[in-house]
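Please inspect the sequence and the model before turning to the sections below.

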Amino acid sequence: MSAGRHRMRSGIHGAAAAAAVGVLVVTAGGWVGYRQLAGQDCSGKIELSVAVASELAPAVDQAASEWEEKGAAVEGTCIDVTVSAADPVEVAAVVAAKHGATLAGVGQASGTAVSPDVWIPDSSTWLLRLKTGGAAAFEPGNGASIASSPVVVAMPEPIAARLGWPQKELDWTQLLARVNSDRPLRTGIVEPTRDAAGLSGLLSLMTAASSTGGATAEQDRVGALRALASGASALRQDLLAKFPTAADNTTLASALGAAALSEEDVIQYNARKPPVPLAALYLKPAPLPLDYPYAVLPGIDPAKASAARVLFEALTTSSFKDKLAEQSLRGPDGNWGSGFAAPQGAPSPAGGDSSAAPPQGGVAAGGLAPDAVERAVSSWSIATLSGRMLCIIDVSGSMKKTVPTANGATRQQVTIEAARRGLNLFDDSWSIGLWVFSTKLAGTRDYREVVPIAPLSRQRSTLERGLDTVTSSSGDTGLYDTLLAAYKDVQRNWEPGKVNSIVLFTDGKNENPDGISQRELLAELERIKDPEQPIQVIIVGIGTEVSKAELDTIAGAAGGGAFIAADPTKISDIFLRAIALRKAPA
């Protein structure tokens, strides 16, 4: 379980009951609450399944139970609600598979997982990622927030005190400086591709790096990514276990010093009375909070949709805020209910500080640019993967065309810049080579090797110089011969334990009448493909003159996918996303 919390599944049966008998069963995996409710006569029953982020599930479960006991019904039909605690990443995998989306780092849905009627994840970023990840028709109903929890930087109190906590207010630029210093603060993160709080912290840190400006901005950004990657954990409980277990200087120096977590995480951690409590640092500007959107998933029947709307009303009453407080959560406006144990220094919107509250409308990701999320997720995936890749750049004459949205830069220049930016993210564990292609570029050959595939640890500067030499020719596009030759080259030196891949940039379709045909290319790829040594082929089409059908066909036959950058200025983002979606070796 990626969130590292207990799993709760609660079945609520017999809606509109007059009385209830509660039974609690404790199991090794958590607890299951069963309620037998003696129901009134109903004309029928609407069964509504609700999957909720684990920390919020008890509050939703309790509110749904009370609602049913008071006679939950829609036009005389009783409502039977099942509330299940579910990690958002697990539900996201199910919904992605159902709607044809691909989310970097999420992986495949388990065979037993099913899509709920209502999903309440911990963040609207999940809904945003599904939409931008290929689920074009994914339009969940409602989506309004029913709870919130600010994202904070959790830091052992002795370390936080050295930075001036709780009197001094810190910002993300100051944290970035500590992360990239000669004596860096030991930072950690829960995999941001699988954890919304981790993603929020990553977005804030990358924004701070970009805001530094000048020549160091890219260096700061990559440095922050690498520092976080070195302390990343797949599970939240594993990350929490890295915090110090004693307050002596030696232990503090070797333990985790800072991590992006939710306010609720810090409250729950400190409630267990650890040897070294955590301070919650509310850095400025405030990161994207967890906003717990109420998403009615598309495709459910109208009766269930009506029941879901009525349940939402039950989860937005004033009394529900007190139930949230019991779970260390705030209301959707950032205010908290009775009994909320606010960490020291916690901002309260009620006190005039709105930094902890979601934006107006209650949907935290509503004003966030989808490209920013995709760029952060893709950059993270690249920084934490290792692979072997051949990069191939089209240098045909059409690449000389200028790009109106790029201040007059040519397609060639925009593509090279995208490759250069990507190169900065790859660490020395990668092996990368560079080819260029057109027609008759090297005698009768359509392609030319600029730099052979080799570890970046010994040829990073060689690749950078190789990119400097790439210029457009006057030839056409020898796509088919080039792709087949590249496939054979990567296959010949295939390396186990890494993703072996080809990334090809082109702005046209095959234009070499003297080369092989598409039918011959597909037949030859089918003949030489080896399931034991897979090669993933990614083709990035540039501009509006490419044939998406052609690229899809050959990329699919080779074992990969095609991505189209209709606006060439978006090549960099598409390149990052394409690399991030590669499948790791089995």
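A residue is called buried under 20% relative accessible area, exposed over 50%, and partly exposed in between, with a 1.4 Å probe and protein chains only. The model is a predicted one: local features need pLDDT of at least 70, side-chain atom pairs count only at pLDDT 80 or more, and totals for chains, interfaces and linings use all residues. Residues are numbered from 1 along each chain as its sequence is written, and side-chain values use heavy atoms, with hydrogens and water left out.

S474 is found in the loop that runs between α15 and α16 (479-492). Its relative accessible area is 71%, and S474 is therefore exposed. Leaving aside residues up to four places away in sequence, S474 touches G397 and K400, where a contact means heavy atoms within 4.5 Å. V395 is 79 residues from S474 in sequence, yet the C-alpha atoms of the two are 8.3 Å apart in space.

D567 belongs to the loop between β20 (560-565) and α19 (571-580). With 28% relative accessibility, D567 counts as partly exposed. Its C-alpha lies 9.3 Å from that of P404, a residue 163 positions away in sequence.

## Overall architecture

The chain contains 19 helices and 20 strands; helices (H or I, at least four residues) and strands (E, at least two) are DSSP runs numbered from the N terminus. Of its 586 residues, 54% are buried. Among contacts with a separation of 6 or more, 77% join residues 24 or more positions apart.

The accessible surface of the chain comes to about 23900 Å², and carbon and sulfur atoms hold 51% of that area. These areas come from the Shrake-Rupley method with a 1.4 Å probe; for residues, only the protein chains shown count as cover.

## Aromatic pairs

The whole structure holds 6 aromatic pairs. One of them, W435 with Y447, is stacked, at 5.0 Å centre to centre and 10 degrees between the planes. This pair links distant parts of the chain, since W435 sits in strand β16 (residues 431-442) and Y447 in strand β17 (residues 445-455), 12 residues apart. Both W435 and Y447 are buried.

Rings of Phe, Tyr and Trp (its six-membered ring) pair if their centres lie within 6.5 Å; planes under 30 degrees apart count as stacked, over 60 as edge-to-face and the rest as tilted.

A cavity is a set of points on a 1 Å grid over the protein atoms alone where a 1.4 Å probe fits but cannot get out; lining residues have an atom within 4 Å of a point. Grid points are joined across faces, edges and corners, and a volume is the space filled by probe spheres set on the points. The count is 4 cavities of 30 Å³ or more. Two or more lining residues come from each of α5 (172-179), β10 (187-190), α6 (196-211) and β12 (258-262).

β15 (387-394), α14 (411-425), β16 and α15 (456-468) each give two or more residues, and β16 has the largest share, with 3.

How values were computed: 1 Å grid on protein atoms, 1.4 Å probe; cavity = no way out; pocket = protein on both sides within 12 Å on 5 of 7 lines; lining within 4 Å.
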